[in-house]
Each structure stands twice: as structure tokens, then as C-alpha cells.
Amino acid sequence: MNQNAAYVIVGASLAGAKAAEELRAAGFDGPVTLIGNETERPYERPPLSKSYLLGTAERESIYVHSPGWYGEHEVDLRLGTTVTGLDPSAHDITLADGSRVGYAKLLLTTGASPRRLQVPGADLPGVLYLRRVADSEQLKSTFQATSRVAVIGAGWIGLETTAAARAAGVEVTLLEAADLPLLRVLGPEVAQVFAELHREHGVDSRYGVQVAEITASNGRASGVLLADGTHVAADAVIVGVGITPNAQLAEAAGLEVRNGIVVDSQLRSSDPDVFAAGDVANAFHPLLGTHVRVEHWANALNQPQTAARAMLGQDVAYDRVPYFYTDQYDLGMEYSGYVEPGGYDQVVFRGDAEQREFVAFWLRGGRVLAGMNVNVWDVNDAVQDLVRAGQPADVGKLADPAVPFEEVVTT
Ligand SMILES: Cc1cc2nc3c(=O)[nH]c(=O)nc-3n(C[C@H](O)[C@H](O)[C@H](O)COP(=O)(O)OP(=O)(O)OC[C@H]3O[C@@H](n4cnc5c(N)ncnc54)[C@H](O)[C@@H]3O)c2cc1C
Ligand SMILES: NC(=O)c1ccc[n+]([C@@H]2O[C@H](COP(=O)([O-])OP(=O)(O)OC[C@H]3O[C@@H](n4cnc5c(N)ncnc54)[C@H](O)[C@@H]3O)[C@@H](O)[C@H]2O)c1
């Protein structure tokens, strides 16, 4: 290892901060620079739509490290700094002020940005997105000041902010283009559980609708006009219609970019000295046998360990089972595995779906591709073992909560 070689990380959020931590944990004592265009030191985003938005978590609890950690570990943290260019042949990056920073190895953890709504009125004041801590604070004050909001998109952002709005006593009209919430990820069988959950909590959910325009009154958003002519009045409009990976630097530099920065199982890009991790990385996953870009916290937490070790020349590969979780009202769940939209042929419930206390499994050809435990705890490791096993499961045993998970695989 060349201890004097500069290691540079672009993107100072969860993935970037964890990579800096791992470089030091692995014994690297050369220069480490962590550059980010936000003004806050690296923080985690999940609380922004849950505990921090609900007011049950303190601001200090969201940060990845204490303020002193970066100095103590000789990590040169440069906040409020945008990287505008990457030159792989010169081994340097360009900052917005025109200065250049050289690197021996570079890690891109530039994450993703909310997709903007493309309809008239989408830029009006009162149209709100949620990605950064300031967005969460703006939502929180909106919930205190208004009585009704429209939420566009019943994905993770839409559903979690809807639950927070209802907890604050705000009326919500939820507008989703698909026929159910989370349909692409969960399929109709399990998506139905989330539709029912929000219906029970008084949400006016409208599925299969098309947003035509954000209407205005006194220069502010006043509601949403749907393509069928219906007008939904609202004091504010929250938009969660997906994200786009921030792969522009890599793309302009000529690296392979396809649904994010394409990397191998070591998280190395098409340039041998440039790596990528977190939301921006479309990584080859040895267990799944395909490239996947995972837009979830656990991936941003764990991939950087592999990336940092690979940057240091170690023989590592990232093959963790994809994992994510949500909390909405009194529903808590964990999901492990990966299913392409429509990529399963059977869903098996273990437990009581109506009482929202169950584990659901998605299977193809008898093999468990993914499992989701809802208000059932301490089963996540067992679910991941089933996914990892890749062996046919006995469906009768899988569905029976009395049968231990170890007895479910048939071979
Ligand atoms: C509100 C919210 C709630 C969530 N809740 C959950 C949850 O409950 N469970 C779950 O599994 N996942 C959740 N997620 C997803 C999870 O937070 C993301 O997967 C994770 O934040 C990805 O981390 P990252 O470090 O890869 O990217 P990001 O968090 O997007 O960070 C990338 C950073 O790079 C910076 N950057 C980008 N380009 C440049 C540049 N050119 N120069 C300098 N800096 C740059 C960005 O400003 C940003 O600070 C949630 C996301 C949001 C927004
Ligand atoms: N618990 C979690 O894991 C969690 C929580 C919050 C955010 N996140 C992450 O944050 C990112 C952003 O979340 P998100 O909810 O914006 O994206 P998403 O991809 O989860 O959901 C977007 C939803 O918007 C719908 N949609 C798209 N265009 C629409 C339109 N014009 N009108 C109406 N509906 C439309 C889609 O059908 C989909 O249901 C994702 O990466 C997500 O994984 C994760």
C-alpha cells in the first residue's frame, strides 16, 4: 500500500463517511479527503421521513460521526464543496472554484437526487421534495401550519411522509399513478397491505391517477389537477416520484454508466482507480448474478467497507443480501432479498396478513427470492439464510409459523 497516496471520496453522506471510517479501520494512514456539497457533516436520511420528521428524535441523532471524529481520524472533510469534473487520465478532480485535487484512488458516493415532477406549476412555492435535512424541517413546519396536503407518489417517501402527516393531524390525499402503493417493489399481494394500512388511518388514497398540473393561488401551490379533470385542493404538495442517480461526473469522464455507475463486485468502475458505492452504484452482485442498484440505507452503510478494502488492494466482494426497512404508524417491517418487478411466480404468507403480523415470501420456481417480516421480529437472519440458500422450499412448511425456518428448505 502506498501510504502517501491520496484517497479521495466525493459525496459526504452515509456511504462517503463510512468509506473514510473503513480506510482508517483498515490501517490506511495516508491522506483521506471527503468532499461534499451539503453544508451539514454526513448524516443519515431514514429519520428525515420518520423519527426526526415526527419530532421524536433529536437533530444530533442523525449524524454518522461526532463533529470531532473527522479531525481525530485525519479525514479532511470539505463541506459546501461541489466537484464539477473528473479526469481519470490525470488522476484529478475539479472543484467548483476551479481548483484541482489529485488522487491515487477515487470513490464516488454521490448518491441520488429526487426526480422532479414535469407538469405545469411543479416549481411553485409549496411544492415540496424530501432528500435533505432542511427539506424534512420544512415539511415538519408545513405540517404544523396547514390542515391538508396532497402527496404525489405512493412509494417510500410518499407513504412515510403520509404517515407523519397523519400523526400531525393533517388530512392527506395520496395520488399514485400505479394501481396500488409500492406496486413495483412488492407486487399486488403485499402492496394491498399498505393500501389498507393507509386507508385505515384516514388517508384519501387515489390510485391509477395522472397528475396534469399543480394549481396556484396567490403565487403558491393550491392543489393538484388530475388528467380526468378532478381538482384536489391542498395547502402544500409533497412529491416523492423516485430518484435519479448522481452519475454525471462519471458519465462526463467516460466511465461506464447505465442506471448509475457500473461497477464490479469489488465496486470498481470501468476505470481501475475509480470506485463507486451507495445509491449511485449499479454493482454486480455475485449472489444475484446480475447488476443491481440498491436505493437503501443498508447498502450505503455496508458497501463502503468493501469499496475501501478494494481501494487498498484487498481481495473482497460485496455480496450481502439486499435489505431495507420501514416504519409507518404501528407497522414496522424488514425486507431482505431482491425481486425484479414481476419476477416471482408465488407469494406465501406465514402468519396473519389481516392483523399485519406476518412474514411474506416471494418465490420463483419454488426458491425464496425475498422475504418481508411485518411486525414480526428476530427472523431477519433466518429469512436471509433462506434467500442465500437458493434451494427449493417446502411451501406448506414455509407458510406454517410452527415450523422452524431451518426445516423449510427441502434438500
Ligand atoms: C427521507 C428519506 C428516508 C429514507 N429512509 C430509508 C429507510 O427507512 N430505509 C432504507 O433502507 N433507506 C432509506 N432511505 C434511503 C437511504 O437514505 C439512501 O439509500 C442513502 O441515503 C444513500 O446514501 P448515499 O451516501 O449513497 O447517497 P446520498 O445520501 O444521496 O448522499 C450523496 C451525497 O453526495 C453529495 N454530492 C452529490 N454530487 C456531488 C458533487 N458533484 N460534489 C459534491 N458532493 C456531491 C450529495 O449532496 C449528498 O450529500 C431514505 C432516503 C430518504 C431521502
Ligand atoms: N424505507 C425506505 O427504504 C425508504 C424510505 C424513504 C425513501 N427511500 C428511498 O428514497 C428514494 C425515493 O423514494 P420515492 O418514494 O420518491 O421513490 P419510489 O421509487 O419508492 O416511489 C415512487 C412512486 O411514485 C410513483 N410515481 C412516479 N411518477 C408519478 C407521477 N407522475 N404521479 C404519481 N405517482 C408517480 C411511482 O409509481 C412509485 O410508486 C428511493 O430510493 C427509496 O428507496 C427509502
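A polar contact is a pair of N or O atoms within 3.5 Å; within protein, one atom must be able to donate a hydrogen and the other to accept it, and residues adjacent in sequence count only if both atoms are side-chain atoms. This is a predicted model, in which local features need pLDDT of at least 70 and side-chain atom pairs count only at pLDDT 80 or more, while totals for chains, interfaces and linings use all residues. Residues are numbered from 1 along each chain as its sequence is written, chains are lettered from A and ligands numbered from 1 in the order in which they are written, and side-chain values use heavy atoms, with hydrogens and water left out.

**Exercise 1.** Describe the surroundings of ligand 1 and its polar contacts with Ala15, Lys50 and Val83.

*Solution.* Step one is the shell, where a residue counts as near if one of its heavy atoms lies within 4 Å of the molecule; of the 34 residues around ligand 1, those that come nearest are Asn37, Glu38, Arg45, Lys50 and Asp279.

Step two takes the contacts atom by atom. A polar side-chain atom of Lys50 is 2.4 Å from an oxygen atom of ligand 1. Polar backbone atoms take part as well: that of Ala15 lies 3.0 Å from an oxygen atom of ligand 1, and that of Val83 lies 3.0 Å from a nitrogen atom of the ligand. Taken alone, ligand 1 exposes 1,000 Å², of which the protein buries 93%, with accessible areas from the Shrake-Rupley method and a 1.4 Å probe.

Step three asks where the shell comes from: α1 (14-25), α8 (297-311) and β22 (323-328) each supply at least two of its residues, helices being DSSP runs of H or I with at least four residues and strands runs of E with at least two, numbered from the N terminus.

**Exercise 2.** Is Thr173 buried or exposed, and which residues does Thr173 touch?

*Solution.* Thr173 belongs to strand β11, residues 171-176. Its relative accessibility is 11%, so Thr173 counts as buried, a class that means under 20% relative accessible area, against over 50% for exposed and partly exposed in between (1.4 Å probe, protein chains only). Leaving aside residues up to four places away in sequence, Thr173 touches Val149, Ala150, Val151, Asp204, Arg206 and Val232, where contact means heavy atoms within 4.5 Å.

**Exercise 3.** What share of the residues in the chain is buried, and how many helices and strands are there?

*Solution.* Buried residues account for 53% of the 411 residues, and the chain has ten helices and 26 strands.
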